[in-house]
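Take a look at the model below. Then read on for a short tour of its parts.

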Amino acid sequence: MLRAENLTKRYRQGEKEVVALQGFTYAFPKGATAVVGPSGSGKTTLLNLLAGFDLPTEGGVFLGETPLHRLPEDERAGVRLRHMGFVFQQWNLIPTLTALENVAFPLLLSGWPQGKRQKRAAEVLEQVGLAHRLHHLPNRLSGGEQQRVALARALALDPGILFADEPTGNLDAESREQVAALLFAQGKARTLILVTHDLELAQRAGRILYLKGGRLLREEVLEVPQGQHL
Amino acid sequence: MEVFLLVLRNLMARPVRSLLTLLGVVVATSSMVLFLSFGEGLRKALFQELSRVGPAIQVVPEGVEGFGFGAFPEITPESFRALEEAGKNLGVRAVIPTLFLTRGGFDPSTSFFFQGLPEGTAPDLLYPGTKSKEGRLLPSARGAVVGAKVAKRSELGLGSPLRLSPRVELRVEGVLEETGGLADNLIFVPLPALQEVLGTRNYSTVLVALNPGQKAEEVARALEGAVPGLKAQTTSEVMRFAERALRISDLVRFGISLVALVVGGLLVANTVMMSVYERIREFGVMRALGAKRGFIFRLVILEALLLALMGGLLGLGVGSLASSAINLYTVDQVGLALSAITPRLALFALGVALTLGLLAGLLPAHNASRIPVVEALGRV
């Protein structure tokens, strides 16, 4: 379980101190949790801290009993590799690698042998409906296809935690629906943390955390999340 | 393998920039290879020639090192006689006085190298394996025997006149067969004729031929002890001296080529630095996915090394072609291949190119691996 305790992040902007996140405490259960809020509410900062991209000014992030915020940079990278998957708004695929190679990349970092990497990457790409696009470079894929490759890459090592930061923000309606359906389907068996300002998308998650001004305003638990029938 | 592919594809994604950088490394490496190949060529030619010289000891005036080609004739007839006497006691086979004269300019085709031989001494005693192609092998008192290359180059044949000074004119009495060695470029003349031209009774070098089983070093030291003011050098001592001189010239030539190498290194550094700058987000994604700093460092350094290796190999190829072209000319003109690409030179060139790549890649690799993930991903 991923847990945040009194998570606080302050930045200095010249002489001024900016509080990006203040005293955020929450334990993320299995299933989908959406984090919503207007721009500047601290959503991105929260995800940066939870994933170990950045370190908090106060408080901490715990993965089980492991204090992520106390680990050195390379060890945090190791934790991300073993336990976390990421889907970003801008897909962030490596442009010189094919879809298959992009998905195989985390497996390469994990030291999987080549044959097993190829097999696993092809398997995950098939799960997201891209079995026919294995050897295409990202610039030969549509936005929706690129986001599905990014999702396949996030799932390659079957992580317990899946982060999605505005995963449908750059997609058309049809692709948005495809990606959302895949994401929530994959989120059922793991902890899915979905950062979005799209309330419609957020309501398909089991829980919604409302952030404003760097503080957690409230948590809403939906009995029957909308769109789960998809 | 994927890491290598990643590096290769990244270089190929920016073909013009990579190609220009590669060309820079090729020019730097090939110029270094060519500069240093002259040292290797000279070394090879010299050692080949020295190993062909018959007499095992060369006696030169003290202070002169090497073969004594350029030495002023300082060995007096008295010193020579003392050497002969000492030689008899040591049981040497022959003691041969000789004199050198160089005429001509910088152009090898108009330069002439004369070696004076005492009466009754044929060139084959000094350069074993030398044979006459036309005419005599042993020149008469007013005759000369000409090496194959010099005969061809200067169109000398039997009966051709050789005017050494207004008073000394010789006629070609023999032309030697080509041996591929130093003798091909020499004109052998009677010693008294050269002494008359130079206005001296002295000699520049005395060659001492040993009997089988005699130890050159021991005889040389004994000769030095017997005749003060002279230095007796064995062939291996001459080789050692030549090696020292060549090393110094190697360093000078390497210093000159260093300018091109530094420019090549800066090109690689610039290309890799630009590539890192353009791929900050990509590195951020890799780090976000779980890549450690070392992985990013290796990725960038590998890019610099790959550029340097490809440039080094191509530079070696271009340098070899240029070396062959130069040899075609020098073999034709002076009968010696003055440039040589030896395995040690090839390894050295590749080593220098890789070191260059490594140095050029260190800073970009360090920067790439230290960018904070949030900054690299633009998530601040």
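The report covers the interface, a helix pair and the domains.

This is a predicted model: local features need pLDDT of at least 70, side-chain atom pairs count only at pLDDT 80 or more, and totals for chains, interfaces and linings use all residues. Residues are numbered from 1 along each chain as its sequence is written, while chains are lettered from A and ligands numbered from 1 in the order in which they are written.

Start with the interface. 21 residues of chain A are in contact with 19 residues of chain B (contact: C-beta atoms, placed from the backbone, within 7 Å). Helix 2 of chain A gives the largest share of chain A's side, six residues. Helices are DSSP runs of H or I with at least four residues, numbered from the N terminus. Three of them give two or more residues to this side:

| Helix of chain A | Residues |
|---|---|
| Helix 1 | 43–50 |
| Helix 2 | 73–83 |
| Helix 3 | 99–109 |

Now the helix pair. The axes of helix 3 and helix 4 (residues 114–127) of chain A come within 8 Å and cross at roughly 120°. Axes are lines fitted to C-alpha atoms over the stretch in contact, and angles run from 0 to 180 degrees between N-to-C directions. Among the contact residues are Leu100(A) and Val103(A) of helix 3 and Ala121(A) of helix 4.

Finally, chain B. An automatic or database assignment sets the domain bounds. Domain 1 of chain B spans 2–47 + 246–376, and domain 2 spans 63–228. Their centres, taken over C-alpha atoms, are 48 Å apart.

Key
Two residues are in contact if their C-beta atoms, placed from the backbone, lie within 7 Å.
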